[in-house]
Amino acid sequence: MKKLALHWKIIIGMVLGIIWALVSSTMGWSEFTIDWIDPFGTMFINLLKLIAVPLVLFSIIGGVANIGDPASLGRMGGKTLGIYLITTILAISLGLVLVNLVKPGELIDESSRIDNRISYEIWANEEGHEIKDGINYLQDPAFFKRAQEISELTKSELQNASVQDKMAAIKNKEDVSPLKPLVDIIPSNFFHALTDNGSMLKIIFFAVFFGVCLLFIPSDKAQPVLKLVDGINEVFLKMVDIVMQAAPFFVFALLAGVVSRMAGDDIGKVVEIFKGLSWYSLTVLIGLLLMIFVVYPMVLKLFVKKIPYKGFFKAMGPAQTLAFSTSSSAATLPVTMECVEQNLGVDKKVSSFVLPIGATVNMDGTSMYQAIAVVFLAQMHMIDLTIGQQITVVLTATLASIGSAAVPSAGLVMLIIVLSSVGLNPAWIAIIFPVDRILDMFRTVVNVTGDATVCSIIADGENLLDYVEHENPSETFDLDS
C-alpha cells in the first residue's frame, strides 16, 4: 500500500466508503454510520478549509510581490481572467448543446409533464409572470379539474423547508445598484472576511492590494515582510502534506456519511432516487466528462506542447480525486497548488496568483450544470425556451458562477438566480436536490481541472513552466521529502 499512488489510495477509500454505506443501510446501521463515522469526513473538510483561507492569503501576497514588475502582474491578471471567462462560456455552451440534443426533460412520462405544466402556469399567474410560450393549459376545459387538484400541491411546494433555506440565502443580496458585486469585493473589515469562507473574493482583493503595495516600497523594507510571508506559506503547505497522509481514511468516512444520509435504512431509496433523474444526471455527466477528458486537454495542447495527455492526468490525480470526494474547490485548493507546482512544474509566482483566483471565479462545472438544469426543468414542465432565453441563461450562469462560493452545493443557490432570470419558478431546485451532491462531486473535478489547465497555459506563456514527468505523483505528499 505504501508504494500505491495517493490518488489510488483515495479512490479505494471512496469505494470502501460507498460499500460500507450500502452494507450499513441493509443491516440497519445507518444511524451508527452517521453518528460515528461521518463526523471524521466533516473534520477532514474543516481541516482543509482551515488551511485554505490563510494559504490563499499568503500565497497571493507572495506571488504578487515576487513578480517584481507591476506591468507583468497586470498582463498576467488580464490573461488569467480572459482565459477563465472563455472556458466558462465553452462549458455553458457545451451544456446547452447537450441538453437540447438529449432533451432529458421530455423523456419523462407525458402525464407527469402535463401536471408539471399546469403547476407552472398556476405559479406564473399567482406571481404575475408571463407564460413563456403563450400556450395556456388552464384555459383548456380538459385540464380544468386537474388544475384545481394541482393548485393546492403547488402552494405546498413553496413551503418546502429546504427550498426556503436556499431562497433565503439570496434575499440579503438583493440590491438595486448594478455595482453591488464590485462593492462586495472590497471588505470593510478584513479580519471579519477572514472568518468567513464565503468571502474569498474579499480576501483575494486584500492580498492582491497588499502584494502590489509591497512592489512600490523600498526593497530593504519589503524583503523582511516577504520572508515572513514565504515562511508562513511553507508552514501551511506542510500542513497539507500531513493532512493528506490520512486522506484515504477521511474520504472513506466522508462517502460513507453522504450515501448513508441519502439511503437511510432503506437501500431501495438510493435506486429510486437515481432512477427518476437518470437522464438529467446522464446529460450533466456526459458534459462534465467531455470537459475533463476532451475540452481541457485540447485547450492545453493548443497552447502547451510539452505536457502530454497522460502526464497531465497523472500529475493532477491527487487533486482530482480529492475534489471528487470533498465537492469543494476551496478545500482542494492546497492540494491543487502542490500538484501544479511539483508535478506540472508551474512556478509559484504563477500558481499562487492564478489558482486562488480560479478557485473563486472559475466554476466551469457549476455553470454548465446550471445551464443544463434550467433547460431540463423547463422541458419537464413543457416549456420551450427560445434561443434568446437560452442566451440569457448563458450570460446569467457565467456571472453567477463568478460569485458562486467554492463549497459543496453552492451552485444550488446560484441556480435560483438563473431560474429567476428567465422567469421560471426558483422552487424547482427541490426537484434536483436528490442527485445534486453526486453531480457536485463531478462538477468540482471539472473546476479543479480547469484551474490547473489555465494555470499551465499562463505559466507557459510567461516562460515559468518546467514540466518533468513524475513516475509517482503521490511523492508530492511524502512527509520525508
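Reader: Let's start with charges. Which residue forms a salt bridge with Glu234?
Author: That partner is Lys348, and the closest N and O atoms of the two are 2.8 Å apart. The pair ties together distant parts of the chain: Glu234 lies in helix α11 (residues 219–245) and Lys348 in helix α17 (residues 348–361), 114 residues apart. Do keep in mind that this is a predicted model.

Reader: How many salt bridges does a search of the whole structure find?
Author: The search gives 5.

Reader: Which residues are linked in a network of salt bridges?
Author: Arg75, Lys79 and Glu462 are linked that way. Arg75 and Glu462 meet through their side chains at 2.8 Å, N to O.

Reader: Is Glu462 buried or exposed?
Author: Glu462 counts as buried, because its relative accessibility is 14% and the cut-off for buried is under 20%. Its two partners come out otherwise: Arg75 is partly exposed at 42%, and Lys79 is partly exposed with 30%.

Reader: Switching topic, how do α4 and α18 pack?
Author: Helix α4 and helix α18 (residues 364–380) pack at an angle of about 25°, and their axes are 8 Å apart. That angle makes α4 roughly parallel to α18, since angles under 35 degrees count as such. The crossing of α4 past α18 is right-handed.

Reader: Which residues make the contact?
Author: On the α4 side they include Tyr84, Thr87, Ala91, Leu94 and Val99. On the α18 side, among them are Asp364, Met368, Ile372, Val375 and Phe376.

Reader: What does Thr87 touch, apart from residues up to four places away in sequence?
Author: Thr87 touches Met291, Tyr296, Asn362, Asp364 and Val454. There is also a C-alpha separation to look at: Thr87 and Met363 are 276 residues apart along the chain, and their C-alpha atoms are separated by 9.3 Å.

Reader: Nice. At what angle do α15 and α16 pack?
Author: Helix α15 (residues 309–326) and helix α16 (residues 329–343) pack at about 170°, with axes 8 Å apart. They are therefore roughly antiparallel to each other. Among the contact residues are Met316, Pro318 and Leu322 of α15, together with Val335, Cys339 and Val340 of α16.

Reader: Zooming out, how many helices and strands does the protein chain have?
Author: There are 21 helices and 0 strands. Of the 481 residues in the protein chain, buried ones make up 53%. Among contacts with a separation of 6 or more, 82% come from residues 24 or more positions apart.

Reader: Where is the confidence lowest?
Author: In helix α7 (residues 161–171), where the mean pLDDT is 46, whereas helix α14 (residues 278–303) has the highest, at 93. The protein chain averages 78, and 76% of the residues score at least 70.

Reader: Which residues have a pLDDT that stays under 50?
Author: One such stretch is residues 153–164, for which the model has 17 contacts beyond four places in sequence. Residues 169–176 are also below 50, with 6 contacts in the model beyond near neighbours in sequence. Where pLDDT is low, the predicted coordinates should not be read in detail.

Notes
Residues are numbered from 1 along each chain as its sequence is written. This is a predicted model: local features need pLDDT of at least 70, side-chain atom pairs count only at pLDDT 80 or more; totals for chains, interfaces and linings use all residues. Side-chain values use heavy atoms; hydrogens and water are left out. A salt bridge is a side-chain nitrogen of Lys or Arg within 4 Å of a carboxyl oxygen of Asp or Glu. Buried means under 20% relative accessible area, exposed over 50%, partly exposed in between (1.4 Å probe, protein chains only). Helices (H or I, at least four residues) and strands (E, at least two) are DSSP runs, numbered from the N terminus. pLDDT is the predictor's confidence in each residue, from 0 to 100. Contact means heavy atoms within 4.5 Å. Axes are lines fitted to C-alpha atoms, for helices over the stretch in contact, and angles run from 0 to 180 degrees between N-to-C directions. Angles under 35 degrees count as roughly parallel, over 145 as roughly antiparallel, 65 to 115 as roughly perpendicular and the rest as oblique. A crossing is left-handed if the near helix is turned anticlockwise from the far one by less than a right angle, and right-handed if clockwise.
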